[in-house]
Every structure is written in structure tokens, then in C-alpha cells.
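The sequence and the structure come first.

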Amino acid sequence: MTANIDMIKKVYSTFQKKVDHTRKVVGRPLTYAEKILYAHLWEKPNRELVRGKDFADFAPDRVAMQDATAQMAMLQFMHAGRKESAVPATAHADHLIVAQNGSDEDLKRAIEENKEVYDFLASICKKYGVGFWKPGAGIIHQVILENYAFPGGMMIGSDSHTPNAGGLGMIAIGVGGADVVDVMAGMPWELKWPKLIGVKLTGKLSGWTSPKDVILKLTGILTVKGGTGAIVEYFGEGTKSISCTGKATICNMGAEIGATCSIFPYDERMSAYLEKTDRIDVAKLANKNANVLKADDDVYKNPEKYYDQIIEINLDELEPHLNGPFTPDRAWPVSKMKEAVVENNFPDKVSVALIGSCTNSSYEDIDRSASIARQALSKGLKAKSEFKITPGSEQVRATIERDGQLKVLTDLGGQVLANACGPCIGMWKRMDIKTGERNTIVNSFNRNFAKRNDNNPETLSFVASPEITTALAIAGSLSFNPETDYLTNDNGEQVKLDPPYGDELPKKNFEKDRKGFLAPTKNGFKTKIAIPEKSDRLQLLEPFPAWDGKDFVDLPLLLKVKGKCTTDHISPAGSWLKYRGHLDNISKNMFLGAINAFTGNAGEAKNQFTEFYQPVHEVAREYKAQGIGWIVVGDENYGEGSSREHAAMEPRFLGGKAIIAKSFARIHETNLKKQGMLPLTFADPNDYDKIQEDDTFSLVGLNEFAPEKQLKLIIKHKDGQTEEIMLNHSFNTGQIEWFKAGGALNLIASKQKAKVQKKKPVAKKKVVKKAVAKKITKKVKPVAKKSAAKKKVVKAVKKVKAKPVKKSSKKTVKKAAKKK
Ligand code: MIC
Ligand code: SF4
């Protein structure tokens, strides 16, 4: 039976009614994404929400975390004052396994090396009623698709590729750990009402073209920031030619255009996947609701009336693509690769080809790749490149072992890695080349930022479908076009590869894997959380201090970043993943990959006291020790990529006050706000050029900090000249309270405290009985209390702060004016 089936039944029992109500309120037909969004609002909607403007509170059905983000999320959750997670939640041990010698050995080593982290996660998950998928069980998004995702549902997950579940018709959004904490703490989760991009798929996938090529093409069209603040909703005849897992691939990689999430309407392919993954109960429920698990008819007839932007992709004409290097939006049709290699001097030799990952490790993906491997072997060919296979879950791995695909792929020369992230996130001990050696790799992952896979800045990483990756592994050449080119086999004959074929689902059922799962238990709350004393990997969190009510005056510039600054540049992964549960230690990687605009070098900053260049985190620590805050200036789409909140916590921990950039990526902007930092944007992006290395900055008017109101930045140059520029921000009233409280978690903690105090006089037994007997009221009741508590705390914060804040601010402003 499906996990949490009661919750799923509850969602379906009211879905149609909620949609009908929304249609009335909004007064028009609805898209599919809108139906799910409105149906999951915390409070019943009474008006149409304005896209890109209104903030809305949601009640997601479930949450997910992976080990590299769960550590920090759970450490924060400990402060939330809850006995257990308010919604079904799971954590997945997938990011910390280093790929080196193949699955068995790598997994064994990882379990030893990461013991304290795994023990910590297992214990804290048990304590708070969170399911834990042990190392080796699979990658978060594949496991979610196989077990938990359901059409019409809504979930959030502390990983940017959470939207993978859109392949099963779910709104699934990647967020930072602090957002997950909100939902687990039983609070509403907030999101700016998204815009809608409609992608109409016409024609039919065939030949070498695969679902991955849809998203590789779209990424090329929209670029890495083209989806920011928007949900991508797919529709059209073409959707039917794509399997459920193929749809998941497309939704997964929607993260690479910055989309809030992506979604496909419910169809037979999803129903088939649900049945095959042992969820016939959900399939039946979804089939009953099929008429509402898609957009209303008029949306499909007149899409331009309902979507903010429409893009049409004709699958009949779509070519296989290769995207890269260094950014996922550099899209090349395979037929243009020969020229691209020559013009750009890309190394043509493919040193390593890797298939799998959370994006592309379905049964169908592997079966199609195996079909190429099979014919290559029969035509006397073997892989010329190193070839690695990462199954997305134990369920897939065991099934492809049973059905023979693994053998074919290893016969071709492939090595099977653990069911984990591995080389996709830099957990890869590469033996074939030395760091600094320029080389090309091809993979079916999703991201290809510099250093991402192997920590080598000279590795050019190209993203492609598993089929194309397998063909390129056989050819050993980046410019090989399997649609037209011939290969020479061992006998000197010219042979050509036929287009791949693959079964979408296994003929027999999937091999089930439950041994990797620790389900929540009844008395779990008694569990002691395992954190060894003096651990260098785990550290309890201290709440960040509240804002002192004063303007920020004369802050030095820590760093002005030039060009791309993804979360991988701010807080690199790879070997640093080790410290994801230890804020002090992980902060040593802060900005290691970011390019200093004045020197052109990565990871260094000028220490204003000594005038020497040092690693950025060292300079920050010195400022912090002197009690001095600092700011960082960024370029476009700052914080693109991962959901890792470490990229926001580290600057906050080391004394950062504000990040001022030309624009921000959604998850990172929220993460900064949640941690009590100020993500601000230049009202005039050209002002970026005014920032000089020895400048100091005063951010004035913080006492009048209000939604939609600009803030003023006074830049003082080294020669004493000052300039004033205006900064925009996207804070709403509630988020400004996060800033004032020193971070969102501080607010949650005080709310819970207020709630506990309020509850005290109530007879304990009664409360417990009621909560057990009526699950539904359990969720509804605390809400009213919570919002009352919320108001109380907000008021209390205001009361305490109101007086001193005003006084000091006036003084500060006066001082600043005098200085001028
Ligand atoms: C990624 O693909 O970049 C990661 C590693 O999965 C991240 C999460 C993390 O940094 O822990 C993501 O996508 O959010
Ligand atoms: Fe893991 Fe890579 Fe997927 Fe991120 S994108 S969850 S690192 S496999």
C-alpha cells in the first residue's frame, strides 16, 4: 500500500470542491498549476492572487530532504520546539557517497566515513517522526517519484531538483532547509504567487531524441534565469509521447532555468507508472479525478489567455542536444557539435561518459542506453571512453540487474556506481586525469558549472541524454553524431548505431526495496539525538543575534563578484559536503569559487586592515572578530543553482549584513532573507560599476524598512568622495520581521514558545485524546492558535524594538549626514 495513503485520500476528497470554489472566485477557467496552488492555500481563497506580486501562504502535503541539506534543516528544526513533524517527511542519504571503485566498495567506505552523520540523521529523524532512507537506497528525487509523489499534490524539498515530481503531476518546489522547517513546524509556507510559462509540445518523440532534449532545448531558449519566478506548465499532444519518468526528467531540469517548478497534466503514462510502482490505490484515485488533474478545456484552446508566456516545441523536429560547457543553457544540437568543437577548441576526446543521476536513471533511460550498448557489442564495438552508470535507486538497480541491462552496460566497459549523487555533485575521486588537465566529459546529469563534477576547473562538462552519452562513450568523441556518423569496429568495418529503443516500464514488477528505509515509529520521540562531543562534522546551532535597530554604517566591501556566482561558487560541494552539519567548519569554503572583480582570481579578498589578499572567509572572520559587518556585491542571477542554505548561512555566520546584486535566483534570495541577511538589488544595474575595492558603505533608513520602499546606500570611496544609490528589495512585511528577529527561525522558536505557554493551563489528557481521535481537526485547530501567537510575537517584537530603534536611527542618519 502507498505510504501516507490517508493524507492522499484527504487531498483528493476536497480537491474538486476547492477547484470549483476557485473557479468561481477567480471567474475564469484555470490552468493545472493554478488548481493545485489554490487547492493548497493555507486559507480558502477569496480573490484572484496576482502573479509575480502577491505572497501566498501554502499548506504543502509533504516535505523531503537529502543528507547534505537535512543536517542543517534538522539542526534548525530542533529549535522549532515541536515534538514531531507536522506533515509526512523523509530524509535521503544520497549526497555523501564518493564514487571511486564502484558501488559496493564505495558504499561500504561511505558508511564508515560518514557514520556520525548517518547516525545523527537516523536518530534525529526517528525522534521527530521523519522517514529515513539509508545510504545506498537511492537519490532523493527518484525515491520520491517511486514512493511518494502523487498527481494534484504539493510538496517542498530541500533540494533544487525537487520539481522532478512534476513528472507525476505534482507541484514540487525546491527550497532551503529553513522553509522545510516551516512546514514541519506546522506553519504556513510562503511563496510569491508564480507567473506561468506554458510550453506546448506538438509532434512526437522519436529516434535518438529523448525527453532530456526537450529540456536541453528549452534551457537554450530561456537561459538560466528565464524561468525565475515562474511555473512551467507543459501541455499539448506531444506530452502523451513522453513517459512518466521522461516527464520527470524534464521537470527535474527545469531547475536549470530557475523555474519555481514544472508540471505535466495527469495522463495514462502516469497512471501506468503508479501501478507499476505498487500504487494502484493512488492510480485509482487519480483516475477518478482525472478530469480535474489537468487544465480546464479553454486553457488548451486559448493558452495565450492564461499563460504569461508560451513556447512551442515541435517534437518531430527536435534534435538531440549537448549543453555546455560551464553552463547548462549553452545548447548545441548534436549536428552542430563538429563545428562547435573546432570553433571553440573543445577537446574532442570524451574522457569519461556518465549516465544516470536523479535526472536520468529511470528504467526507460537505462533500457534505451542498454539497447545501444547491445547493438554496439554485436557490431564489434566497445566503449572508448570511461563509462559510469549511476542507478537512481536500489529499486531501479535491482530491476535492471534482474532484467539484464546492467550486464550489457558493464560488458560494454561500464562501471556501476552506488545509487547516489556521486560525480554529479563532485563526490568523485577521479583517477584518469590530474586536476588542471583540460578534458571533456559528457553526462546525463543536469548541472555543469565549473569544477562541479571533479573539482577540476579545466574539465569541460556537457549535459546530454543517457542515449547520446552512451553513444559518445562508444565513439569516444564529442563531435560524433550517431544520427549520421559511422564508427570503425575491431575488424576495421564501418558500422552505424541504430536509434535506441527502450521499455518504459519493466514487464514484471519492479524489484522492491524497503530494507533501505527506516520508517517513523510510535515512540520515536524518546530517541536521543546522536551528536558526538567534539565532532568536526556536526555542531549544534546558536541562534543568530537579532538586528540591533541601527542602520549599517561604514561597512567594508568584502568582495565584489564578477560574472556567474552560483551556490557552487559561494559554498562549493564535493569534499566540502563533509561539513554540511558544522557551520563553523563549512564556512571555511565561503566564496572559494567566486571571482573577485578586481583581481580576476577566485576565492580571494583584500583585507582592508592589512591590504593583503587572503581567502575570503579569513578576511570575513577578521572583520567579525573586530565587530565589523560587511557587504558583498554580486552580478546577475546571484545564487543560481542549488538550494543549499549554507550559501546564505555562512555569510550570516561570518558577519555579513547585505548582498547587493544585479539580480538573485529565487531559492537563494529566500535563503538569505530567512537567515536574517539583506538581499538587495541595484535599482540601476549600472551602479554595479560604481563599486570600488576600498569603498565603505552605509545602508540608511532601515528603521523605515518597508515593502516596495527602496533603501539608500551611501558609498564612500577611498578618496573621501561619496555617492548615493538606491537599492530595491523584495521583502514583504512578514519577511522584514525575519530580518528584525535575526532570522526566521528565531521567530518560529518564539512563536512555539508562546504557543506552549498559552497551552499550559489546558488539561493535558484532553488535548492528547482529541489530537489522536480526530486527525483532521489536529491540523486545523493549532492554526487558529498559531496565527494568534504569530500576532502576539510580532507585536512583542515591535514593542520591544520600537523605541530605541527610532532614536538610534535618527542619530545614525544625522551622523552620516554630518560626515558628508
Ligand atoms: C545540487 O544538485 O546542486 C545539489 C547538491 O543537489 C543541491 C543541494 C545541495 O547543495 O545540497 C541542490 O540542487 O539543491
Ligand atoms: Fe544529487 Fe545531482 Fe540530483 Fe543534485 S542533481 S540531487 S547532486 S544527483
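With which side chain does the side chain of arginine 447 make a polar contact? The partner is the side chain of glutamate 256, at 2.6 Å; a polar contact is a pair of N or O atoms within 3.5 Å, where within protein one must be able to donate a hydrogen and the other to accept it, and residues adjacent in sequence count only if both atoms are side-chain atoms.

This is a predicted model, in which local features need pLDDT of at least 70 and side-chain atom pairs count only at pLDDT 80 or more, while totals for chains, interfaces and linings use all residues. Residues are numbered from 1 along each chain as its sequence is written, chains are lettered from A and ligands numbered from 1 in the order in which they are written, and side-chain values use heavy atoms, with hydrogens and water left out.

**Arginine 447**

Arginine 447 sits in the loop between β17 (439-443) and β18 (459-463); strands are DSSP runs of E with at least two residues, helices runs of H or I with at least four, numbered from the N terminus. Its relative accessible area is 2%, so it is buried (under 20%; exposed is over 50%, partly exposed in between, with a 1.4 Å probe and protein chains only). A polar atom of the arginine 447 side chain also lies 3.1 Å from the backbone oxygen of glycine 641. Contacts of arginine 447 (heavy atoms within 4.5 Å), leaving aside neighbours within four places in sequence, include Ser160, His161, Ala255 and Arg452.

**Ligand 2**

Among the residues around ligand 2 are His161 and Arg452, together with Cys358, Cys421 and Cys424; a residue belongs here if one of its heavy atoms lies within 4 Å. Domain 1 (5-314) and domain 2 (321-495) both give residues to this shell, so ligand 2 lies between them. The domain bounds come from an automatic or database domain assignment.

**Aromatic pairs**

Rings of Phe, Tyr and Trp (its six-membered ring) pair if their centres lie within 6.5 Å; planes under 30 degrees apart count as stacked, over 60 as edge-to-face and the rest as tilted. The count comes to 21 aromatic pairs, and two of them are tabulated.

| Pair | Centres | Planes | Class |
|---|---|---|---|
| Tryptophan 332 and phenylalanine 346 | 6.1 Å | 75 degrees | edge-to-face |
| Tryptophan 547 and phenylalanine 739 | 5.2 Å | 40 degrees | tilted |

Tryptophan 547, in the loop between β21 (517-518) and β22 (552-560), and phenylalanine 739, in helix α23 (residues 733-741), are 192 residues apart in sequence, so their pair ties those parts together. Both tryptophan 547 and phenylalanine 739 are buried.
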